[in-house]
Amino acid sequence: MKACHLIAAVLIAACGGSAEPRVAAGNPDPTTSAKSLPSQAQHGVRTFVIFADVTRSLNIEEQASVIRNVKLVIDIVPPKSRLYVFPLLEDVQRAGALFTGEMGEIQSTSDAVAADQQHALWGNTVASKLTAMFNGPANGRSLTCVSGALQKADEIQTDAADDTEIIIVSDMLEDCKESLLGGVLKLEKTSIVNEIRRAQSLPPTPLLHLNGASVTAILPTVPTSKQKVLGPPVSSLKVFWRAVLDRCGDRASNFRFGTEIPQRLLDLKPRPDGAF
């Protein structure tokens, strides 16, 4: 790695796994929480906040889909970017980051090669962490609280929020005791008409302040017949979460909800020459 051209700092929370990438000198201690990391208000720095669903509602195929999609998203993180990866479970806010890393500028072909290697290392490290969680204790993984993920993203926002990507890799089936709508919310059923009405009837008071961040939801791909938990149509889930986000201050024009990574994100992946 050419240190004068490419700086990649990796910080991994202790959450299982074996050998870890080294943390560069001067970076936060590995036990430091994401909340206490250095300020992101740096000109031109893009922030990626990924939430990976590790709840027990996912079957084996969906778990594999989550890991695959998270790796694909990590692979498109461009230069001058900061990455956070959190597990999405019952209490996201107290779970801590699975992984954080920082990618510097690419100014040469050798930098681009080093960046590709760094992407691969990050992806494999996160995949190992997620696999360990799927195979580990069930404590805290019985409920899916997307609301908590959005609240965690709100905590991370800074003056550079316009360049923030919030990516939720999940079935988006909220099953949360303290939802953004207030109180218990369960979307694990075939019809959520009442929940959509409830979300659309919320007062205009902001629920969160995402400050123009872009939100993308990537659902695991699995045949309906193999789903472990029944849910409503994807179109209904999209309407529900759009109604919630309308009170959260995201950039609505960039909102995407489906089983594929949107082209807008794919276009961020650097070309072999280090350009976009």
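Student: Which residues line the largest cavity?

Tutor: This is a predicted model, in which local features need pLDDT of at least 70 and side-chain atom pairs count only at pLDDT 80 or more, while totals for chains, interfaces and linings use all residues. Residues are numbered from 1 along each chain as its sequence is written, and side-chain values use heavy atoms, with hydrogens and water left out. A cavity is a set of points, on a 1 Å grid over the protein atoms alone, where a 1.4 Å probe fits but cannot get out, and lining residues have an atom within 4 Å of a point. Here the largest cavity is lined by Val 146, Leu 150, Ile 168, Met 172, Val 215, Ala 217, Trp 241, Leu 245 and Phe 255.

Student: How many aromatic pairs does the structure hold?

Tutor: Rings of Phe, Tyr and Trp (its six-membered ring) pair if their centres lie within 6.5 Å, and planes under 30 degrees apart count as stacked, over 60 as edge-to-face and the rest as tilted. The structure holds 5 such pairs. In one of them, the centres of Phe 99 and Trp 122 are 5.6 Å apart with planes at 65°, so this pair is edge-to-face.

Student: Are Phe 99 and Trp 122 buried or exposed?

Tutor: Buried means under 20% relative accessible area, exposed over 50%, and partly exposed in between (1.4 Å probe, protein chains only). Both Phe 99 and Trp 122 are buried. The rings of Phe 255 and Phe 257, with centres 6.2 Å apart and planes at 50°, form a tilted pair, and Phe 255 is buried at a relative accessible area of 8%.

Note on methods. 1 Å grid on protein atoms, 1.4 Å probe; cavity = no way out; pocket = protein on both sides within 12 Å on 5 of 7 lines; lining within 4 Å.
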